[in-house]
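Please read the following note with the structure open beside it. The points are numbered so that each can be checked in turn.

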Amino acid sequence: MTAVAELMDYAEVVERFDPVLGLEVHVELSTNTKMFCGCENVFGGEPNTHTCPTCLGLPGSLPVVNGKAVESAIRIGLALNCEIAEWCRFARKNYFYPDMPKNFQTSQYDEPIAFNGYLDVTLDDGEIVRVEIERAHMEEDTGKSLHVGGATGRIHGAEHSLLDYNRAGVPLIEIVTKTIEGTGERAPEVARAYVSALRDLLKALDVSDVRMDQGSLRCDANVSLMAKGATEFGTRTETKNVNSLRSVERAVRYEMTRQAAILAGGGSIKQETRHFQEADGSTASGRTKETAEDYRYFPEPDLVPIAPSREWVEELRGTLPEMPAVRRKRIQQEWQLSDAELRDLLNLGAVDLIAATVDAGATPAEARAWWVATLAQEANTREVELDALPITPAQVAEIIALVNSGELTNKLAKQVATGVLDGEGSPREVVEKRGFKVVNDDSALLAAIDEALAAQPDIAGKIRDGKVAAAGAIVGSVMKATKGQADAKRVRELIIERVGS
Ligand SMILES: [Zn+2]
């Protein structure tokens, strides 16, 4: 075990040092097939079942570029405000690793498909930080090693290792920022907000399922410190494969406090890759970082260059969806939300659900009330995320419509929602199965009203004397008699009519 690193108090770190960040995000594209062969591109599966001679790197096999992956790369580049190369090539990045059977990764080096862009990132308090993008390039993923027999699942202490090449050759886009300076104490928050904004963007583009927990979106965080007033960058470390938004923030913060303690003690930072440890939020030393020269990059001789025509690029620009930040602004106006209300909806993960419910016919206010109150409670009780509840926005809109048409009371509507969540079927099916039908028949209601008035003879007089609130007791009796299936508003109207006549 390595000794526990000494850390500097965060307030002191930001007083004495300026952090400099660089973020590299790998995103797996959700194309049907792999980057250079026709193997199915799916997560998981029995080990080594989605493989062929090409993605196993067998001698004599030849790669062919996946056109759909190039299209996705260009759309990502355009959405990140990048320039798109008129001509670019793949390159071989040479290194040995057991999960990479060719002993080189087909990547792009000095000729990326997209470069020179930016992404505007909104922080929690509404401040916008522009993160400049150096490049977005195409490459392929590696396979996976599974270390068996040890306690930790790591190679140390393992008895043997297994290799699964299902992931080898899955299309990846690597998105690299330029150095991010001047964020000071907010550096960890900026890092998280950037990855979050990028994830939203990739989701809107529909090019990846962006599941950080499954590794389809992974972040490497480069962090270095400069003493205040210094003019040269410090030595950086690269924390690899951080796999949640919260971990991105924690990893950056940890590295800042660790590096500051070393620098303040007169030590120097080793340029290396580090691994983030979920359990305690620390980072641990990995391998010494290679430089580009170590990889002996050279142009890939088995693939033709990519030269996207300007017409095609413009055609793809036309397919870009409304950008998430723009959409958020529009929604805030259309739904008339304060900044705080919008932030609450975002934190709850309710915006897309409400928008889809509105698309299915509900008003924003109705949809919001359902998702934020009733359904958020259900999600809480069932301990799942809101979007994992087994009810669709269309079903929620259907329930709202049943209330609006007078076929359900609010109280019954909630029971219908519970029925849908419990797997009893669609809202209409639940209404039928549970025998929910609002009593709309005035004569039936009048009979119940007459009965209630007869049982409580003083009430009619009170109502006639102007004490309209007294009608509440009769409404209550009628609701009880109809097992809650009457429209309370209609009952009240009928009582007033009855007593007045
Ligand atoms: Zn293959």
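Domain bounds, as used in this note, come from an automatic or database domain assignment.

1. The model is predicted. Its chain is divided into domain 1 (21-314), domain 2 (325-434) and domain 3 (442-500). Between the C-alpha centres of domain 1 and domain 2 there is a separation of 37 Å.

2. Which residues hold the zinc ion as protein donors? They are Cys37, Cys39, Cys52 and Cys55, each through its SG atom, lying 2.3 Å from the zinc ion. Along the sequence, the donor residues follow the spacing C-x1-C-x12-C-x2-C.

3. The geometry of the zinc ion site is tetrahedral, with angles of 101 to 115 degrees among its 4 donor atoms. Four donors count as tetrahedral if all angles lie between 85 and 135 degrees.

4. Helix α7 (residues 339-348) and helix α9 (residues 364-382) cross at roughly 50 degrees, and their axes come within 12 Å. Angles under 35 degrees count as roughly parallel and those of 65 to 115 as roughly perpendicular, so α7 and α9 are oblique to each other. Their crossing is left-handed.

5. Helix α8 (residues 351-359) also packs with α9, at an angle of about 135 degrees and with the axes 9 Å apart. This angle makes α8 oblique to α9, because only angles over 145 degrees count as roughly antiparallel. The crossing of α8 and α9 is right-handed.

Key:
Residues are numbered from 1 along each chain as its sequence is written. This is a predicted model: local features need pLDDT of at least 70, side-chain atom pairs count only at pLDDT 80 or more; totals for chains, interfaces and linings use all residues. Side-chain values use heavy atoms; hydrogens and water are left out. Donors are N, O and S atoms within 2.8 Å of the metal (3.2 Å for Na, K and Ca); water is not among the atoms, so sites may look incomplete. Four donors count as tetrahedral if all angles lie between 85 and 135 degrees; four count as square planar and six as octahedral if opposite donors are over 155 degrees apart and all others between 65 and 115; anything else is irregular. Axes are lines fitted to C-alpha atoms, for helices over the stretch in contact, and angles run from 0 to 180 degrees between N-to-C directions. Helices (H or I, at least four residues) and strands (E, at least two) are DSSP runs, numbered from the N terminus. A crossing is left-handed if the near helix is turned anticlockwise from the far one by less than a right angle, and right-handed if clockwise.
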